[in-house]
Amino acid sequence: MKKDLVLILDFGSQLAHLISRRVRDLGVYSEIRPFNIVVSQIKEFSNIKGVILSGGPSSVYDPNAPQMKNEILDYFTSQNIPVLGLCYGHQLIAQLKGGVVRNEDNKEFGKTSLTVISPRNILEGLNPEEIVWMSHGDQVESLPEGYEVYARTNNCPIAAYGNVESKIYGLQFHPEVVHTKSGNIILSNFLFSICNAFKTWKMDDWTSQSIKEIQREVKDESVLLGLSGGVDSSVTARLLQEAIHERVHPVFVNNGLLRENEEREIVHTFKDKLHFKNFHYVDASKLFLEKLKGVIDPEEKRKIIATTFIDVFDQKAAELKENFPDITYLAQGTIYPDRVESSATSAASSKIKSHHNVILPENMKLKVIEPLRDLYKDEVRRIGKNLLPEDLVNRQPFPGPGLAVRCIGEITEENLSILKKADLIIREEIEKVPGLQETLWQYFGVFLPVKTVGVMGDARTYESVCVVRVVQSIDAMTANFAKLDWNVLESISSRIINEVRGINRVVYDISNKPPSTIEFE
């Protein structure tokens, strides 16, 4: 059976691939293309059932704002293909069709109460009042002819609109994020009631297709895998093992920025438990720490880690090629949120931070293969359940640059040692509470190079601060701080202050994402 397709046009949104993922979760295949696609390129697709225009960081009136020609919308209408605009896409449709978009002094960011005026079509089945997620400055002031208002908020009189005849709809809010409580209902209305799409997509298909794609690309060559031991790189390792067997060479680089005892655990897991024959361990901890000496800027840290990582790989590849001359690929466990935050997906995207495994030097000698590049963390975990031991699948995410992004300021051996001990205590205290670990996405410590006054044993202390960061999330694109029991937090704080020399104050981070990020750097 041929798969129905929903085409997503990316106008630079940090959530473009989250839209795609939600659509796939609902059982419909989706693909993303840039905003400047032309009709001739659209015609190359078959079985397009609907189109979604993403949000974006620009204003429709900005000189360099991503635009779309009216003929694209007209083509979709002529082919009876429904269109849904989200946030910037919602504003762009209104402008293209003759409506008015203006900048509003009262911006809307975060959870907002939506009043449903017309609970039909795209909003079928919604309550009179709904909680939705807003993130906008501009908004639609007046609609084109033939369009009607479906919903409003206190600050946004046109929060949803539609034109039933043209099958064009717009939402100022984001149904793709979990904070919009009825987001899946809205997307289901669009997919199944308006687009008449069928559920022809399954994640099970992705695994077998990925293995075939790896085999087709790599052919008879061999692959070096940048192995961190986290879920992403571990799933990548198993996919490669399934596809090319012993021709995958996992290379685990100890960069000195790992959690307490982590390097020993990783070596044991992949050599003894998962039986990777060509497993390679490189201890480059001293090299990384030397390169990072005196560096404070987080972006500079990430770039140094990225280039040093590649240099180490190039050197290891040169050594291995003496015995394995067919090694021509470097595999990485890059997932889509890494690329979103590094703006590696669209020229219109707003850069948040660089990720070590997507900022690659132009002169790198190995070809890069990233099987998970279009997936989100929960999708990777779903795949991993059929490929990896349960404890490895459920391991909490760990950033590629390691503790470098959790040790604020200069990276020193002393600061790293303090952070590793504090971080271990946080993990131990959380994991001893039955069932708590399963409700959390990430939990870790952050070292702040801020000195504060304390009193220990009737003596004055002047030591550093440890931040405890614990969040709940589904896909890492959005996250809420976890409202931990006070007793758990008190145990964490008491142990860190009593057991970790160099820390005399522990604070708890109560920031959500957005507007904050999960990591500090």
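I started with Lys-219, which counts as exposed at 55% relative accessibility (buried is under 20% relative accessible area, exposed over 50%, partly exposed in between, with a 1.4 Å probe and protein chains only). Lys-219 sits in the loop between helix 6 and strand 10 (222-227); helices (H or I, at least four residues) and strands (E, at least two) are DSSP runs, numbered from the N terminus. Its phi is near 55°, a positive value in a residue other than glycine.

Housekeeping: this is a predicted model, so I note that local features need pLDDT of at least 70, side-chain atom pairs count only at pLDDT 80 or more, and totals for chains, interfaces and linings use all residues. Residues are numbered from 1 along each chain as its sequence is written, and side-chain values use heavy atoms, with hydrogens and water left out.

Confidence next. The chain averages a pLDDT of 88, and 93% of the residues score at least 70; pLDDT is the predictor's confidence in each residue, from 0 to 100. Over residues 350-356 pLDDT stays under 50. For that stretch the model has 34 contacts beyond four places in sequence (contact means heavy atoms within 4.5 Å).

I found Asn-196 in the loop between helix 5 (183-194) and helix 6, partly exposed with a relative accessible area of 44%. I jotted down the background: most residues other than glycine have a negative phi, and most peptide bonds are trans.

Which bonds are cis around Pro-514? One joins Lys-513 and Pro-514, with omega about -15°. The other runs from Pro-514 to Pro-515, with omega near 15°. Pro-514 lies in the segment after strand 18 (503-508), and I placed Pro-515 in the segment after strand 18 too.

Then helix packing. I looked up helix 6 against helix 7: they pack at an angle of about 65°, with their axes 9 Å apart. Axes are lines fitted to C-alpha atoms, for helices over the stretch in contact, and angles run from 0 to 180 degrees between N-to-C directions. On the helix 6 side the contact includes Trp-206, Ile-211 and Val-218, and on the helix 7 side Leu-239 and Ile-244 are among the residues. By class I get eight nonpolar, three polar and one charged (Ala, Val, Leu, Ile, Met, Phe, Trp, Tyr, Cys and Pro count as nonpolar, Asp, Glu, Lys and Arg as charged, and the others, Gly among them, as polar).

Helix 14 (residues 413-431) and helix 15 (residues 486-499) came next: their axes come within 9 Å and cross at roughly 150°. That makes helix 14 roughly antiparallel to helix 15 (over 145 degrees counts as roughly antiparallel).

Last, enclosed helices. Seven of the eight residues of helix 12 (residues 377-384) are buried, so helix 12 is largely enclosed by the rest of the structure. The buried set includes Lys-377, Asp-378, Glu-379 and Arg-381. Helix 1 (16-25) and helix 13 (390-393) are among the elements that cover them.

For helix 1, nine of the ten residues are buried, so it is largely enclosed as well. His-17, Arg-21, Arg-22 and Arg-24 are among the buried ones. Just after helix 1, I noted that Gly-27 takes a positive phi of about 100°.

Methods. Parallel < 35°, antiparallel > 145°, perpendicular 65-115°, else oblique.
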